[in-house]
Amino acid sequence: MKKSDVLCCLGVESTADDFGVGIATFKGEILANASSGYVPEEGGIHPREAARHHAEAADKVLGEALSKAGTKPTDLALIAFAQGPGLGPCLRTGATVARALASYLDVPLVGVNHSVAHIEIGKLETGAVDPVTLYVSGGNTLVSAFDSGRYRVFGETLDIALGNCLDVFARTAGLKQKRGMPLGAALEQLAANGEKLISLPYVVKGMDISLSGLLTAATTLLRKGECRLEDLCYSLQEHAFSMVTEVTERALAHTEKKEVLLTGGVAANRRLQEMLSSIAEEHDAKFNVVPRQFATDNGAMIAWTGVLAYTHGLVTPVEESFVKLRWRLEKVDVPWIK
Amino acid sequence: MDKVDSQKLLKKGAEASLFLASWHGRRVIVKARFPKKYRPAELDAKIRSYRTAHEPQLMHEAKLAGVPTPTIFLVDMKNAVITMEFVEGKQVKQVLPHVSKKAQQELCGRIGVLIGKMHRRGVIHGDLTTSNMILSGEGKIFLVDFGLGEKNSELEARGVDLHLMKRALQSTHYQFAEECFRNVLRGYSEVLGGEDAGKVFEKIREIERRGRYVDERKQA
């Protein structure tokens with residue numbers, strides 16, 4: 001079968017509540033980035049319900065991505081999928097879609113680490129080469145930099161992720177998630193009208209942080225009903241963001257790198273961007289933030305990371321394509337960086 | 001009398017800047033915590049003054065526990081500046097990769113002993129990395145940078161302190177982190193005794209299981 005002249009990779013993302021399909025050329029051009037998000041009726045992500053959403057949405061999202069890119073399935077040279085880390089049922093749904101596509105089209109399959117993908121799409125879109133990365137989302141909060149073949153984790157949360165902390169607080173405050181309006185964005189809007197800084201726990205341990213105590217303290221104050229909600233949102237953000245900014249600055253001072261990259265869903269928050277930009281400036285480093293459409297979980301980042309992996313000799317035979325729920329960033333070989 | 005002269009920037013850290021200076025004819029380190037623009041002024045003032053007040057106290061406590069730390073000369077609470085002894089030597093971070101396996105194990109064992117002594121007296125360092133340990137010319141290991149430390153005798157605090165040490169070894173000395181950490185724990189047990197150290201080690205495993213996307217969670 002003759003492939004078209006431009007080699008393309010299709011990437012499937014399904015680690016948590018978003019099912020995404022992206023198409024990237026081998027040269028790093030993103031042709032499509034379609035997705036469908038599962039919105040729980042109440043509470044957080046129910047893995048089985050999210051997986052059901054993904055299975056139902058897969059056909060539509062795939063079609064949307066292919067038509068946006070103007071690519072026929074038979075033109076695809078490679079299928080990539082997020083192999084982990086994430087929620088089991090969700091990961092397995094995406095992996096099934098990817099395996100089926102690769103087998104049917106008879107093209108190679110490559111499993112991609114979701115955290116690596118968040119970093120790589122940030123680098124691709126901003127032009128950053130060797131940054132200290134702060135990756136903050138609903139499931140991850142870590143500070144990483146490349147050293148000797150892998151992205152090393154310099155700091156991370158000892159308990160819950162930053163996005164998780166903000167989301168749980170927002171839900172407790174009765175904010176509702178809407179399509180196209182994540183809870184974090186609703187919280188950010190309220191925080192912008194905060195006037196008074198309420199004292200909350202600030203927990204930095206070495207290069208790690210702990211957010212669970214902060215969340216408990218903030219929700220306790222919320223339930224007491226004595227503080228303005230805007231002030232609480234503002235104070236929660238200021239404390240949590242100051243903590244991640246401090247550890248990012250520590251990693252920056254430690255590694256002496258000259259670029260900072262902010263990536264992941266919470267990267268869309270302007271206040272967090274402002275803080276990180278401030279420390280970058282202080283250390284004469286260039287500040288980069290992933291564009292909003294690639295901040296949240298997406299298929300394009302999987303497609304692009306799939307290209308990087310495949311063009312550096314990595315493939316994932318179907319029989320080894322089982323999902324890895326706990327695939328830590330620092331366990332992944334990154335042969336495409338010298 | 002309190003005049004500190006000829007300051008030269010040694011290291012611009014995240015938490016503080018370190019200057020080499022002279023005070024009454026001796027070389028000293030001036031540790032200045034400058035305001036951080038990114039956080040609200042109230043929070044900034046709170047963090048800087050808290051750390052400036054606690055760090056010297058903890059360093060003194062550690063010294064009483066038999067852990068070498070630089071002697072404190074001046075504490076300027078208003079400007080969040082501490083003036084302390086300059087310890088001549090090399091960071092353990094720089095030394096560790098260039099010595100024999102045997103010397104590595106010995107060094108890590110001694111680090112474990114120091115952590116054990118500190119913990120026994122209720123001092124938590126809060127940022128145990130090989131950059132914060134100085135091997136002096138006389139061969140003593142000094143612990144520095146107690147800015148994130150606290151007085152705490154709970155298992156949780158001890159466990160986190162050692163867990164951070166392990167993580168620091170993994171990110172900085174990934175080639176031999178496992179072995180180094182084993183030796184740190186060996187030295188630690190020598191001081192605390194098998195039973196008490198065992199409780200801390202169990203706590204470390206619990207802390208690891210709380211982490212995100214770690215294999216340790218499988219056993220939970």
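## Stop 1: the two domains of chain B

Three salt bridges (a side-chain nitrogen of Lys or Arg within 4 Å of a carboxyl oxygen of Asp or Glu) are counted between domain 1 of chain B and domain 2 of chain B. To see one of them, select B:Glu61 and B:Arg121, whose side chains meet at 2.8 Å, N to O.

Before going further, a word on the ground rules. This is a predicted model, in which local features need pLDDT of at least 70 and side-chain atom pairs count only at pLDDT 80 or more, while totals for chains, interfaces and linings use all residues. Residues are numbered from 1 along each chain as its sequence is written, chains are lettered from A and ligands numbered from 1 in the order in which they are written, and side-chain values use heavy atoms, with hydrogens and water left out.

Now colour chain B by domain: domain 1 covers 5-85 and domain 2 covers 89-219, with bounds that come from an automatic or database domain assignment. The C-alpha centres of these two domains of chain B lie 23 Å apart. Contact here (heavy atoms within 4.5 Å) takes 16 residues from domain 1 of chain B and 17 residues from domain 2 of chain B.

How much area is buried between domain 1 of chain B and domain 2 of chain B? The figure is about 1500 Å², and carbon and sulfur atoms give 67% of it. Buried area is the accessible area (1.4 Å probe) that two parts lose on being put together, summed over both.

The rule also finds five residue pairs in polar contact across this interface of domain 1 and domain 2 of chain B, both residues at pLDDT 80 or more. A polar contact is a pair of N or O atoms within 3.5 Å; within protein, one must be able to donate a hydrogen and the other to accept it, and residues adjacent in sequence count only if both atoms are side-chain atoms. Highlight α1(B) next: with seven residues, α1(B) gives the most to the side of domain 1 of chain B that touches domain 2 of chain B. Helices (H or I, at least four residues) and strands (E, at least two) are DSSP runs, numbered from the N terminus.

That side of domain 1 of chain B divides into eight nonpolar, two polar and six charged residues. In this scheme Ala, Val, Leu, Ile, Met, Phe, Trp, Tyr, Cys and Pro count as nonpolar, Asp, Glu, Lys and Arg as charged, and the others, Gly among them, as polar.

## Stop 2: where chain B meets chain A

Show both chains. In contact are 35 residues of chain B and 47 residues of chain A, and the area buried between the chains is about 3500 Å², of which carbon and sulfur atoms give 48%.

How many salt bridges are counted between chain B and chain A? There are eight. For one to display, pick A:Glu282 and B:Lys36, with the closest N and O atoms 3.6 Å apart. Polar contacts across this interface of chain B and chain A come to 14 residue pairs, both residues at pLDDT 80 or more.

On the chain B side, select β1 (5-12), α1 (41-64) and α4 (155-172), each of which supplies at least two residues to the side touching chain A. The most comes from α4(B), with six residues. By type, the side of chain B that touches chain A has eleven nonpolar, seven polar and 17 charged residues.

For confidence, the model scores ipTM 0.87 and pTM 0.92. Chain B has a mean pLDDT of 92, with 95% of its residues at 70 or more; pLDDT is the predictor's confidence in each residue, from 0 to 100.

## Stop 3: the two domains of chain A

Colour chain A as domain 1 (3-118 + 295-331) and domain 2 (130-291). Their centres, taken over C-alpha atoms, are separated by 27 Å. Domain 1 of chain A brings 17 residues to the contact and domain 2 of chain A brings 18.

These domains of chain A bury about 1400 Å² between them, 51% of it on carbon and sulfur atoms. Select A:Ala295, A:Leu329 and A:Glu330: they supply 38% of the area that domain 1 of chain A buries against domain 2 of chain A, more than any other three residues.

One salt bridge is counted between domain 1 and domain 2 of chain A. A:Glu156 and A:Arg328 form a salt bridge, with their closest N and O atoms 3.0 Å apart.

## Stop 4: two backbone details

Most residues other than glycine have a negative phi, and most peptide bonds are trans. Zoom to A:Gly84 and A:Pro85, joined by a cis peptide bond with omega about -5°. A:Pro85 sits in the loop between β4 (76-84) and α2 (88-105) of chain A.

Finish at A:Asp106, in the loop between α2 and β5 (109-113) of chain A. Phi of A:Asp106 is near 55°, a positive value in a residue other than glycine.
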